Amino acid sequence: MYETNYHRASSIQEAVQMMGAAAEGKYVSGGMTLIPTMRLRLAAPSDLVDLRHITELKGIAVDGRSVRIGAAATHEEVATSAELGAVCPAVCDLAGHIGDPAVRHMGTIGGSIANNDPAADYPAAMLAVDAVIVTDRREIKAGDFFTDLFETALEEGEIITAVRFDAPAKAAYQKFANPASRYAMTGVFVARRNDGEVRVAVTGAGSNGVFRHQGLEAALSANWSPDAVANVAVDASDLLTDLHASAAYRANLVKVMTKRAVAAA
Amino acid sequence: MGVDGIGARVARKEDRRFLTGKGRYTDDMSVPGMKYAVFVRSPHAHATITGIDATAARAMPGVIDVLDGKQLLADGIGNLICGWMIHSKDGSPMKMGAWRPLADKTVRYVGDAVAIVVADSVAEARDAAEAVVVDYDLLPAVTDPLQTLADGEPQLHPEAPNNLIFDWELGDAAAVDRALAAAAHVTELKIYNNRLAPNPMEPRATLGIYDAGDDHYTCYTTSQNPHLARLVMSAFYNVAPENKLRVIAPDVGGGFGSKIYIYPEEIVCLWASKRTGVPVKWTCDRTEAFLTDAHGRDHVSTVKMAFDAGHRITALKVDTIANLGAYMSLFSSCVPTYLYATLLSGQYDIPAIHANVRTIYTNTVPVDAYRGAGRPEATYLLERTMETAARELGMSPAELRRTNFIRSFPHQTPVIMNYDAGDYEASLNAAMTAADWNGFAARKAEAEGRGMKRGIGMSCYIEACGLAPSAAVGSLGAGVGLWESAEVKVNMAGTIEVMTGSHSHGQGHETTFAQLVADRLGLPIDSINIVHGDTDKVQMGMGTYGSRSGAVGMSALAKALDKVEAKAKKIAAHLMEADESDVVIEDGALKVAGTDKSVPWFQMALAAYTAHNLPPGLEPGLKESAFYDPANFTFPAGCYICEVEIDPETGRTQIVQFVAADDFGNIINPMIVEGQVHGGLAQGIGQALLEGVRYDDSGQLLTASYLDYAMPRADDVPSFTVSTSNTPCPNNPLGVKGCGEAGAIGSPPALINAITDAIGNNQLTMPATPEKVWAAAQPAH
């Protein structure tokens with residue numbers, strides 16, 4: 001790791017000030033991606049501004065079916081939140097299967113979303129539940145937020161403060177893990193609203209990161225059943241081929257994980 | 001046996017320090033004035049070095065010096081060598097290219113060391129390493145072992161045209177060809193044995209200390225064989241003569257073979273310590289370990305097995321290409337020859353065997369022994385072939401094996417080995433009973449009802465441990481002898497120190513070696529200390545690999561104990577005024593049989609050292625040593641059965657049961673043996689399902705971290721069912737055979753046989769990733 005300066009912010013305002021004073025600063029939340037990247041000398045921020053201890057970014061609030069998760073909520077807090085579990089257990093289940101216990105106690109939802117790793121779990125959930133990403137400057141629809149591999153709509157210095165969404169009537173996440181990293185080789189989050197509209201968001205498989213699959217959504221909106229997936233074509237040409245799996249195999253996994261998610265929802 | 005003696009489940013003495021974080025590993029060592037090294041490594045798989053400019057790096061904060069290969073050459077440090085001479089079938093010696101500890105002209109794999117930076121801290125050394133400017137002229141690279149022999153491919157070493165190191169054969173080709181021509185059935189198969197990265201928990205590390213006052217070197221290192229390291233560094237690498245070089249391998253966190261070899265870093269750190277005048281420590285990081293630890297396996301083979309009308313094997317023909325990487329590592333040449341082709345008879349009575357092995361260079365990290373070393377490659381080839389043949393012949397795989405088992409001993413195979421003892425059917429029966437083989441059809445039907453494909457597969461392995469005897473391995477090309485030494489020092493008040501040349505890096509020698517002493521002398525295990533891993537403390541040794549510590553190291557200890565007992569009896573007989581032939585040792589005392597006369601052990605020991613009342617002519621003291629040279633290999637064997645369920649939609653394999661029935665000879669500590677089997681099985685399952693080193697065509701290592709290289713985790717392996725049915729080894733005093741590698745040797749074919757049984761498609765290579773299994777399970781096939 002190259003030398004860096006660590007700052008712990010206690011408020012959003014202070015974080016912004018600290019970042020403004022830094023030469024080439026970077027916000028850090030759980031640091032589950034950034035710190036290993038720095039240790040490998042692949043990132044060299046002059047300053048790290050830690051957001052994890054800002055009170056305004058903490059906590060999970062559920063009001064009826066409206067959910068607000070603070071950006072600094074750890075995966076463990078999300079996984080074990082009784083209030084969230086009562087209205088949207090699928091997100092708790094997703095959080096409970098990220099990484100290992102050490103990662104879940106450090107990593108945060110805000111950090112995961114801001115990083116937008118193409119194999120991360122949370123982006124699929126955010127897209128499928130049509131979440132709003134709340135920042136210190138504005139609100140961004142999830143559909144507009146995840147722009148490309150490791151790219152988001154966040155502007156320079158913008159801080160995610162929370163995510164908001166209405167708990168869907170039914171939802172589930174199914175992940176087929178990469179045997180090495182245990183990131184999603186393909187993960188599918190399905191969510192069905194009360195009005196019957198279905199969203200299907202896929203992570204780990206897309207060449208350009210997380211995406212919604214229109215064909216699967218149409219089929220499941222028409223017939224909310226695992227069987228509805230069978231005749232949907234998943235085009236492998238937009239999917240990722242890498243060391244671990246081909247696009248054709250990932251296309252198969254998209255269908256299988258979708259089917260199983262519907263069955264589990 | 002006593003509570004601590006042979007056969008007892010004694011809790012491991014060493015685990016208190018390991019489990020409480022009190023282990024002392026090489027990286028824990030610290031000496032005054034110590035500085036830190038980082039190596040500048042080649043980012044290219046094949047290139048000519050046209051210049052190294054370290055001017056800027058030397059001027060950076062904290063930097064002591066930057067040293068390169070030209071300086072190393074000028075100081076007379078020698079090439080790394082392969083210590084086992086193999087001759088090609090045309091009689092020519094193997095073509096060993098030069099391996100410089102720091103490359104001075106050509107780099108041949110990504111990670112090849114080019115320079116060493118010594119600085120006040122690791123971070124400063126790393127910063128400076130990035131500032132060393134190395135100019136390279138890129139050369140084309142070759143990584144595919146099937147491609148490397150072709151004309152027009154990149155050439156790695158001028159000594160080895162077409163990258164061929166040797167073209168070696170074993171066995172009677174004409175007899176095999178005759179049998180193949182006359183066969184009622186021939187099973188043919190192409191076999192890939194995937195390349196593995198060893199991944200010990202503790203990465204390699206070394207601390208080189210040069211003492212100018214005494215002109216003496218000390219090398220702390222993560223070694224499985226410190227004496228061998230000292231020998232090689234002095235006799236071949238010209239670092240220092242043996243009497244001026246102390247090698248210490250303290251606690252070592254796993255080796256699996258990868259810490260047998262002497263790597264460039266130990267040599268360079270010792271040399272750099274003298275050049276810079278400061279102790280120099282280097283600790284490998286995990287990516288560096290993937291790049292530079294000797295890899296394992298990497299064979300491509302074709303096999304033909306001939307059967308007569310009665311389903312008896314009449315011949316086996318094997319053609320293998322073994323990838324040795326960019327340079328010949330210390331024992332690389334013997335792994336795909338005398339540790340591989342000699343095991344191709346397996347548990348079967350095969351009249352004719354011929355193996356042809358070509359070893360080749362590629363622009364990849366060197367390949368050498370990895371847990372099992374040659375025997376896993378032989379077992380995988382043979383047991384995949386047996387299973388395939390059984391399917392082709394419409395026979396139960398168990399019956400085909402029973403038909404061909406060797407049933408009388410000793411048995412001379414056509415490939416050198418003389419099996420001394422075994423009962424292969426006993427292991428087969430034990431495994432089939434434990435696995436409820438006969439109930440499989442019902443379990444398969446039940447699984448089908450859940451949409452799962454269930455399969456079962458077996459593997460009957462044999463292996464050879466305790467590489468031996470010295471004269472025999474010498475005649476086959478070994479550059480060293482393969483004895484072991486032990487010294488037993490009885491302290492003045494009777495406690496015991498054992499100095500052994502075996503080295504424990506996870507095996508539990510501090511417990512098992514002490515159990516042997518406790519058993520023989522009737523002493524509590526806490527009064528016995530096992531000392532190993534330091535050339536200044538231990539007289540001589542050959543170290544630990546090939547499951548040799550029990551069969552060879554403990555046999556040396558048994559011989560030394562014979563001498564201790566004999567002298568102790570003389571002293572005690574004199575004290576009790578009895579005849580020494582009437583003295584027996586039991587329960588910590590020397591007794592005159594049939595009387596109530598007795599001398600406590602500690603009193604005899606004190607008498608040995610006070611020397612006030614010794615038998616006339618007897619030397620004071622009680623310290624005896626012995627060398628033991630084994631009469632033969634030992635031959636552990638067994639039967640493994642694996643049962644899997646495949647999710648046909650995803651190709652995911654779940655191991656629903658794994659049964660291991662082994663014959664390890666006599667057992668010192670069943671708990672430790674079970675642990676060794678569990679670990680070996682996990683590594684074998686890792687090879688079969690998960691692990692595989694991948695280079696791209698340009699020679700970049702694609703699997704250089706745990707994000708991309710899949711290691712077995714707890715949830716990848718089932719709860720194992722292990723048992724032993726043992727035939728004592730007749731060739732060593734303890735009747736032991738060795739258990740360290742069996743799990744890794746026997747398990748991959750059982751697993752692949754089970755998966756191919758489940759999916760009804762025999763075309764599957766390791767690692768059997770979900771995608772491969774899914775593709776192979778598609779109905780189109």
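Modeller: Strand β23 of chain B, residues 589-592, is joined to β24(B) by three bridges, and the two run antiparallel. Within this pairing, K591(B) lies opposite S598(B) of β24(B). The model is a predicted one, and this description should be read accordingly.

Helix α15 of chain B, spanning residues 549-576, packs on the sheet and touches β22, β23 and β24 of chain B. The direction of α15(B) makes about 115° with that of β22(B). Helix α16 of chain B, residues 601-610, also packs on the sheet, where its contacts are with β23 and β24 of chain B. The direction of α16(B) makes about 75° with that of β24(B).

As for the sheet itself, three strands of chain B form an open arrangement in the order β22-β23-β24, with antiparallel pairing. The edges are taken by β22 (583-586) and β24 (598-600) of chain B; each has a single partner strand, so one side of each is left without a neighbour in the sheet. From one strand to the next, the twist averages 20°. In general, the strands of a sheet pair through backbone hydrogen bonds, in either a parallel or an antiparallel manner.

To draw the parts together: K591(B) faces S598(B) across the pairing, β24(B) stands at an edge of the sheet, and both β23(B) and β24(B) are touched by α15(B) as well as by α16(B).

Note on methods: Residues numbered from 1 in each chain as written. Chains lettered and ligands numbered in written order. Predicted model: local features only at pLDDT ≥ 70, side-chain atom pairs only at ≥ 80, totals over all residues. Pairing = 2+ DSSP bridges. Helix = DSSP H or I, 4+ residues; strand = E, 2+ residues; numbered from the N terminus. Axes fitted to C-alpha atoms, helices over the stretch in contact; angles between N-to-C directions. Contact = placed C-beta atoms within 7 Å.
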